[in-house]
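Me: I would like to learn how to read a few features of a structure. Where should I start?

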Amino acid sequence: MTDDVLLYDIDSYLQKTRQWATKNHFSAYTLAKSCNVAAGTLQKMFSKEWNPTVGTLRSIEKFMYVHDKDTPDFGVNLE
């Protein structure tokens with residue numbers, strides 16, 4: 001096995017989530033509160049050790065969709 005970093009679809013998805021949060025000026029704490037998940041759930045979201053559950057990802061995705069839908073640039077962040 002090589003020392004290359006292997007990326008999987010979930011890694012890309014988590015990175016897009018981080019980028020969305022940064023672009024929209026959400027800290028891990030404010031995003032957690034906005035998504036109705038415990039603040040500690042997203043505490044490590046900006047580190048590679050973050051390992052969210054499917055339920056957490058669904059909550060974030062739903063919030064991102066509603067947030068983007070209510071902004072003039074709807075659809076831009078969903079690509």
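Reply: Start with one polar atom pair. This is a predicted model, and in it the backbone oxygen of Ser47 lies 3.0 Å from a polar atom of the Arg18 side chain.

Me: Where does Arg18 lie, and which residues does Arg18 touch?

Reply: Arg18 is part of helix 1. Not counting residues up to four places away in sequence, Arg18 touches Met45, Phe46, Ser47, Lys48 and Trp50.

Me: Which side chain of opposite charge is nearest to Arg18?

Reply: A salt bridge needs the charged atoms within 4 Å. The nearest side chain of opposite charge to Arg18 is Asp11, 6.7 Å away. Arg18 is buried and has no salt bridge.

Me: Which residues touch the most other members of the largest nonpolar core?

Reply: That core has 16 residues, and Trp20, Leu31, Leu42, Met45, Trp50 and Ile60 touch the most other members. Helix 1 (9-23), helix 2 (28-34) and helix 3 (54-69) each give two or more residues to this core. Helix 3 gives the most, with four.

Me: How should I read phi?

Reply: Most residues other than glycine have a negative phi. His25 has a positive phi of about 60° and lies in the loop between helix 1 and helix 2. Asn36 also has a positive phi of about 60°, and its place is in the loop between helix 2 and helix 3.

Me: Are His25 and Asn36 buried or exposed?

Reply: His25 is exposed, with a relative accessible area of 73%. Asn36 is exposed too, at 71%.

Me: Which element has the lowest mean pLDDT?

Reply: Helix 3 has the lowest, 90, and helix 2 the highest, 95. The protein averages 84, and 78% of the residues score at least 70.

Key
Residues are numbered from 1 along each chain as its sequence is written. This is a predicted model: local features need pLDDT of at least 70, side-chain atom pairs count only at pLDDT 80 or more; totals for chains, interfaces and linings use all residues. Side-chain values use heavy atoms; hydrogens and water are left out. A nonpolar core is a set of buried Ala, Val, Leu, Ile, Met, Phe, Trp, Tyr and Cys residues joined through side-chain atoms within 4.5 Å. Buried means under 20% relative accessible area, exposed over 50%, partly exposed in between (1.4 Å probe, protein chains only). Lys and Arg count as positive and Asp and Glu as negative; His and the chain ends are not counted. A polar contact is a pair of N or O atoms within 3.5 Å; within protein, one must be able to donate a hydrogen and the other to accept it, and residues adjacent in sequence count only if both atoms are side-chain atoms. Contact means heavy atoms within 4.5 Å. pLDDT is the predictor's confidence in each residue, from 0 to 100.
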